[in-house]
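Hi there,

Here is the structure I promised to pass on to you. Open it alongside this email, and my notes will follow just below.

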Amino acid sequence: MTDAASLSSPIFTRSDRLKLGVFHMNCTGGATPSTAEGGINPLEWSQQVRIAQLADRAGFDAFIPIARWRGYGGPSKFNDEQYEAIPWAAAISALTERIAVFATAHVPLIHPVRLAKEVATLDHISGGRFCLNVVAGWNQRELDMFGVELIPHDERYTVAGEWIRFLEKLWVETEEFDFDGTYFRSKGALSDPKPIQRPRVPIMSAGSSPAGVAFAAEYADICFAVADSPETLQPLVARIKDAAAERGRTVEVWTQVGVICGDTEDDVTRRYDHIVREHGDVEAVTNQMTMLMGGGGKTLDYKLDPAMLERMMAMQHSYQLFGTPEQIVKKMQQLADIGVDGMSMIWPDYETGIARFRDAVIPLAVQAGLRSAG
Ligand SMILES: Cc1cc2nc3c(=O)[nH]c(=O)nc-3n(C[C@H](O)[C@H](O)[C@H](O)COP(=O)(O)O)c2cc1C
């Protein structure tokens, strides 16, 4: 399997100590289940373009959508509308200049022959800036719409491995070939054009179970690790990097962060209380947790513990990059020190949040050696 170190994508050729990605913006509410003003509600294409161009011009490294087919309801209609990531990425690619553009694809819902060509097309549209986030699928309610059964947890990653091997072959083979796998069979397979990035586009994945980490170590270039403190994140980062090293590979680890940047600590608390405590969407989060705990789709008589409820309302259990600009840079430093390579960032209000981060935080991150100037 190709190693991240050999990929020519702009995301791997820049030398910043901590990379910056904008995440989860292609659905209503983004990752903030709240009725507070300023969020993504309703979902509007012109706003997606404004957010993408703002992040692109501000020097962010990555623009990462989610793959979702059903939302969680509640008064905020949390995630009830979602732009499908592949056509979304095509247009975003054409309207930006340097940011790496991702699409997220569900293994059980898209055939490698179709996706190989879509990815190559996206890589051409973006001029070699496209990256693929691979999700194995967990939500039976979504899969039910396709008539697809959720298979046992670890086997999902076995299927995903074969799916990626088939994709890779389509991206490199110049003569037609037969693919004879356990899950995929194909006769006379061939896909042209090839992606611009050689031998393939960068792959991201997000599992932190043993099977998810093994999959990332074997096939991904970036793995998402989610934890709520540097102390809990550190062993997970080490586990992912060690698993890759055992296979003679390197994998970057990115973590999901929610950002609330205030002028003072009181300002941060005021913003947090407004978004989470006063306007947090309890109903949407309860629906979401019911789906998560039920394996997706089954209704449980399930009551959330209030602390977990609040953590989920506070940008979906992300690491809380909350504080003044100075405090935020200190937290970024801590993440870099434990081996985190990048952050997938969520804001309650992406437009004002990204602009504020650009003006108040990035200059301090440059001074701290976390980002290069310009
Ligand atoms: C940061 C992050 C982003 C994810 N994005 C999606 C997504 O867009 N669509 C989806 O169906 N699952 C998504 N997932 C779920 C993962 O693909 C995976 O099912 C989950 O992390 C559990 O994996 P595990 O059981 O191997 O730990 C995401 C997970 C994380 C942590």
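First, a term: a polar contact is a pair of N or O atoms within 3.5 Å; within protein, one must be able to donate a hydrogen and the other to accept it, and residues adjacent in sequence count only if both atoms are side-chain atoms. The model is predicted, so local features need pLDDT of at least 70 and side-chain atom pairs count only at pLDDT 80 or more, while totals for chains, interfaces and linings use all residues. Residues are numbered from 1 along each chain as its sequence is written, and side-chain values use heavy atoms, leaving out hydrogens and water.

Let's start with the ligand. Which residues come nearest to the ligand? Among the 17 residues around the ligand, they are Ala 67, His 106, His 153, Tyr 157 and Ser 209. An N or O atom in the side chain of His 106 is 2.8 Å from an oxygen atom of the ligand. For Tyr 157, a polar side-chain atom lies 2.5 Å from a ligand oxygen, and an N or O atom in the side chain of Ser 209 is also 2.5 Å from an oxygen atom of the ligand.

Now look at Thr 104. Is Thr 104 buried or exposed? Thr 104 is buried (under 20% relative accessible area, with a 1.4 Å probe and protein chains only), and its own value is 2%. Its side chain reaches the backbone oxygen of Pro 65 at 2.5 Å, and a polar contact of 3.3 Å joins the side chains of Thr 104 and Asn 133.

Enjoy exploring!

Conventions:
Near = heavy atom within 4 Å. Buried < 20%, exposed > 50% of the residue type's maximum accessible area, 1.4 Å probe, protein only.
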